[in-house]
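Welcome! Here is a short briefing to read alongside the structure shown below.

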Amino acid sequence: MGATILRVLIVLLLVWIGYLVAANLERHTEVVDNGPSPEVQRNRYYAAGAFLEQRGLGVDHSRYPVNPEALAAQDTLLLTDTEYLANDPEAVHQLLLWVRSGGHLIWPYTSALEAQPLAEALGIQLERKQSDEAQGKQLNRSKATVSDQETSTVSEPTPDEFSEDKTRANQASETEAADVSARERVRVNIRQREADIQQEQLSRFAPLGAPNMLIHQAGSTSLSPTLAEPGEGIYPTVEAVSRSGNGVDMLLLSLGQGEVTVLKDVSIWSNYDIGLFDHAHLLGWLTRNSARVHIQRYSQWPPLSQLIWTYAPEALLAGSALLLGWLLHLGRRFGPIRRPGLQQRRSLGEHVEAVARFHYQYGQVDYLLAPLRRQITQRAARLQLGFERLSPERQCEAITRLATLQPEEATQALMPREHYNATELVDTVQLLIRNRL
């Protein structure tokens with residue numbers, strides 16, 4: 001009875017200890033952030049391609065210049081770098097021909113490049129800076145406009161009010177970031193970055209039939225809304241303009257049946273910036289009429305092997321032939337090289353003839369010919385697999401090929417005969433000695 005009570009007490013004690021341990025446990029969740037995936041690290045515009053694929057468009061990422069002849073009439077080509085076109089006016093001509101047939105070309109204008117045949121062909125130029133007097137007049141006009149706007153019912157926010165709004169947005173973002181998922185943290189980070197950008201740095205794009213879009217492009221330069229004289233046979237027309245406090249940030253041109261979009265900074269669609277403001281919406285609107293989008297990330301030359309195969313196939317074939325010849329030289333040959341016209345020494349020939357006539361005189365022909373034939377067949381068996389399983393006629397053919405003999409010589413040397421005269425025996429022995437492989 002006492003042992004039973006002791007067991008019950010032990011069980012109750014264990015249950016009580018387990019309850020205390022479970023009651024004091026705290027749930028701890030740790031998120032391990034390994035950073036971007038390898039695809040995102042290799043491709044700066046991976047998110048843009050994934051966004052377009054979600055919209056049902058086909059996306060091709062290319063690290064090399066895209067051939068315009070491989071593009072369909074309704075495709076869109078996004079160039080992130082136009083440096084490869086600097087010394088290739090023919091490639092520019094092919095691109096514009098494709099645009100005129102219905103394509104859509106999106107590319108960034110980079111003032112750092114000295115030669116810009118694409119910009120010259122379309123008449124794209126930077127907006128000239130105004131003189132001090134013109135700037136003063138524009139400033140007076142802007143002040144008058146501001147004073148007029150102060151009398152209206154809706155007034156512009158003051159810098160203090162804008163600073164207070166940004167502070168409240170940052171505080172709200174910090175509060176929301178306390179306990180949110182990874183996706184929510186990305187959204188909070190995007191809102192914080194958007195709050196840190198000044199309003200005058202944002203450009204507003206208002207196309208017909210679409211809502212206004214806010215875009216933030218880096219750089220203080222301004223594109224000119226007035227096109228210079230374009231190239232011969234090229235007549236682009238400005239359809240829409242996106243402006244910011246720094247000037248014009250984007251031009252939308254029509255050329256033939258296609259369109260050309262010129263931006264100051266195409267990195268707005270990079271993995272890090274596509275989530276800001278309306279960057280993704282702008283990309284979707286520009287590709288609304290396309291079935292496939294080609295994103296040329298940067299102009300990297302093809303590898304050396306591809307260049308050699310494309311431009312120097314003869315050199316590649318010649319090198320392959322030399323390599324094959326070198327391997328054949330190192331490979332195993334079928335027997336030693338036969339020296340033509342090799343003459344035996346007179347003393348050795350006389351000795352062979354004397355031995356043959358001696359065996360012929362005493363009727364020991366097989367005693368002399370059998371060892372010589374056995375040496376030849378053993379050597380041939382080492383040089384050719386399955387030689388022993390061949391018939392005598394096939395063995396004779398194989399030895400003829402390996403020893404480079406004439407068929408009649410091989411028959412005389414290898415095929416046994418019932419009767420030999422002295423001359424035939426001497427010739428057969430000499431033939432066997434010379435061709436022992």
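Helices here are DSSP runs of H or I with at least four residues, numbered from the N terminus. With that in mind, Leu6 lies in helix α1, which covers residues 2-23. Please note that this is a predicted model.

**A nonpolar surface patch**
- Leu6 also belongs to a nonpolar patch on the surface, whose members include Ile10, Leu13, Leu14, Trp16 and Ile17.
- Tyr19, Leu20, Val21 and Leu25 are part of this patch too, and together the patch residues have about 1,000 Å² of accessible area.

**An enclosed helix**
- Helix α9 (residues 279-286) is largely enclosed by the rest of the structure, because seven of its eight residues are buried.
- The buried residues in α9 are His279, Ala280, Leu282, Leu283, Gly284, Trp285 and Leu286.
- They pack against one helix segment, α3 (46-54), and against strands including β3 (104-108), β4 (202-205) and β7 (247-255).

**Aromatic pairs**
- Searching the whole structure turns up two aromatic pairs.
- In a tilted pair, Trp107 and Tyr109 sit 6.4 Å apart centre to centre, with 50 degrees between the planes.
- Trp107 counts as buried at 1% relative accessibility, and Tyr109 is buried with a relative accessible area of 13%.
- Phe205 and Trp285 form an edge-to-face pair, because their planes are at 75 degrees, with ring centres 5.6 Å apart.
- This pair links distant parts of the chain, as Phe205 in strand β4 and Trp285 in helix α9 are 80 residues apart.

**Arginines over rings**
- Arg288 lies over the face of Trp285, at 3.9 Å from the ring centre.
- Arg193 lies over the face of Tyr272, at 3.6 Å from the ring centre.

Note on methods. Residues are numbered from 1 along each chain as its sequence is written. This is a predicted model: local features need pLDDT of at least 70, side-chain atom pairs count only at pLDDT 80 or more; totals for chains, interfaces and linings use all residues. Side-chain values use heavy atoms; hydrogens and water are left out. Patches are made of residues with over 30% relative accessible area and no salt bridge: like charges are joined within 9 Å, nonpolar side chains (Val, Leu, Ile, Met, Phe, Trp, Tyr) within 5 Å. Accessible areas come from the Shrake-Rupley method with a 1.4 Å probe; for residues, only the protein chains shown count as cover. A salt bridge is a side-chain nitrogen of Lys or Arg within 4 Å of a carboxyl oxygen of Asp or Glu. Helices (H or I, at least four residues) and strands (E, at least two) are DSSP runs, numbered from the N terminus. Buried means under 20% relative accessible area, exposed over 50%, partly exposed in between (1.4 Å probe, protein chains only). Contact means heavy atoms within 4.5 Å. Rings of Phe, Tyr and Trp (its six-membered ring) pair if their centres lie within 6.5 Å; planes under 30 degrees apart count as stacked, over 60 as edge-to-face and the rest as tilted. A charge sits over a ring if NZ of Lys or CZ of Arg is within 6 Å of the ring centre and within 35 degrees of the ring normal.
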